[in-house]
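The entries follow in the order in which I made them.

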Amino acid sequence: MLDLNSVYKFVVKIAKKAYKNARKIKQNLIENKELNDIVTSVDKVMEREIVDNLAKLFPTHSFYGEEYGQSNNASEYDWLIDPIDGTINFAAGIPLYGTSIALRKDKETIFGVIFDWENRDIYHAVKGQGAFKNQEKLQVSSRQNLNECIVSYCLTSHYEQKHIDAVLAVVKKLAAKVRGLRLIVCSTTELAWLASGKTDAMLNVKPSIGLSSCAGKLIVAEAGGKITNLQGNPQTDKDTMLISNGKIHNEILKAIL
């Protein structure tokens, strides 16, 4: 049985080292991915170093990274890793990006950690043990009225037109009902803020396996939040996403459905 608190210390150590090493790259090359999306040298160097170090300690585990895809060992344990979530922000010098590392057992997330490098904060959760920012225990907001709440959403230039249309339809339905809508396009930042009670909900209309959100969803859940798809049902392996403080969840669903 894994000692997840020891795993946390190990993950912090290797992720910090990987980030430090990657930032030493003198020429951070930028490559195009899907449509206008990009990947940088930092993404690739970090993912490779993190996966290599995890694989040394857990040689039978499976790994799924944002840049290099899946290494499947048919293990009950698999790691989901996004080395730089918010790459476009990172490449532009916008300080809204982070690293997400999550561990699942039989597809259930049991450990997650988010690194907010710009603010030198680490968010983490072990299933059933609460959520923390550094050593501070986290709690989602207590706001119950949608008109007092801030909701973030995702819209990027590499969305297909049907997803762009779906996002704009949701924005139109929510804009007059909430205190504020925020377009950040960095799940690690959005989920860290939500777990900390700074914001109250986030949503994503494009179905995803959740590489960048897997750790953050556990952190929010352990901080008292609620997670469903945009129909209000439990998420499937690849699905839309609505995450909230739990108190405004049904009100959001009512507004967008």
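Entry 1, hairpins. I began with β6 and β7, which form a hairpin with 2 residues between them. Asp106 in that turn has a positive phi of about 50°. I took helices (H or I, at least four residues) and strands (E, at least two) as DSSP runs, numbered from the N terminus. Two strands pair if DSSP finds at least two bridges between them.

The model is predicted, so local features need pLDDT of at least 70 and side-chain atom pairs count only at pLDDT 80 or more, while totals for chains, interfaces and linings use all residues. Residues are numbered from 1 along each chain as its sequence is written, and side-chain values use heavy atoms, with hydrogens and water left out.

β6 and β7 run antiparallel, joined by 7 bridges. Within that pairing Ile101 stands opposite Val113 of β7. I then followed β7 onward: β7 and β8 form a second hairpin, with 4 residues between them, and Arg120 in its turn has a positive phi of about 55°. This pair is antiparallel too, with 6 bridges, and Asp116 stands opposite Asp121 in β8.

How many residues of β7 are buried? I found 8 of the 9, so β7 is largely enclosed by the rest of the structure. Buried means under 20% relative accessible area, exposed over 50% and partly exposed in between (1.4 Å probe, protein chains only).

A nonpolar core is a set of buried Ala, Val, Leu, Ile, Met, Phe, Trp, Tyr and Cys residues joined through side-chain atoms within 4.5 Å. The largest one has 32 residues, and those with the most contacts inside it include Val11, Trp79, Ile101 and Phe115. Two or more residues each come from α1 (4-22), α2 (41-57), β5 (77-85), β6 (98-105), β7 (108-116) and β8 (121-126). The largest share, 10 residues, is that of α1. I also noted another core apart from it, of 22 residues, with Tyr123, Ala131, Ala192 and Ala195 among them.

I listed the contacts of Ile101 (heavy atoms within 4.5 Å). Not counting residues up to four places away in sequence, Ile101 touches, among others, Val11, Ala15, Ile50, Trp79, Phe111 and Ala215.

Rings of Phe, Tyr and Trp (its six-membered ring) pair if their centres lie within 6.5 Å; planes under 30 degrees apart count as stacked, over 60 as edge-to-face and the rest as tilted. The count comes to 5 aromatic pairs. Phe115 and Trp117 form a stacked one, at 4.9 Å centre to centre and 5° between the planes. Phe115 is buried at 1% relative accessibility, and Trp117 is buried at 14%.

I found 5 strands in the order β12-β11-β13-β15-β14, with mixed pairing. β12 (180-183) and β14 (226-228) stand at the edges with a single partner strand each, so one side of each is left without a neighbour in the sheet. Neighbouring strands are turned by 20° against each other on average, direction ignored. Axes are lines fitted to C-alpha atoms, for helices over the stretch in contact, and angles run from 0 to 180 degrees between N-to-C directions.

β14 pairs with β15 (residues 239-244) in the antiparallel sense over 3 bridges, and Ile227 has Ile243 as its bridge partner in β15. Which strands does helix α4 (residues 161-174) touch? It packs on the sheet against β11 (150-153), β12 and β13 (201-208), its direction making about 160° with that of β13. Helix α6 (residues 214-222) touches β14 and β15, at about 35° to the direction of β15.

I looked up Asn204 in strand β13. Asn204 is buried, with a relative accessible area of 12%. Leaving aside neighbours within four places in sequence, its contacts are Cys154, Tyr159, Leu230, Thr240 and Met241.

A disulfide is a pair of cysteine sulfur atoms within 2.5 Å; a search of the whole structure finds 0. For Cys154 the nearest cysteine sulfur, that of Cys186, is 9.7 Å away. Cys154 is buried at 13%. For Cys214 the nearest is again that of Cys186, 15 Å away, and Cys214 is buried at 6%.
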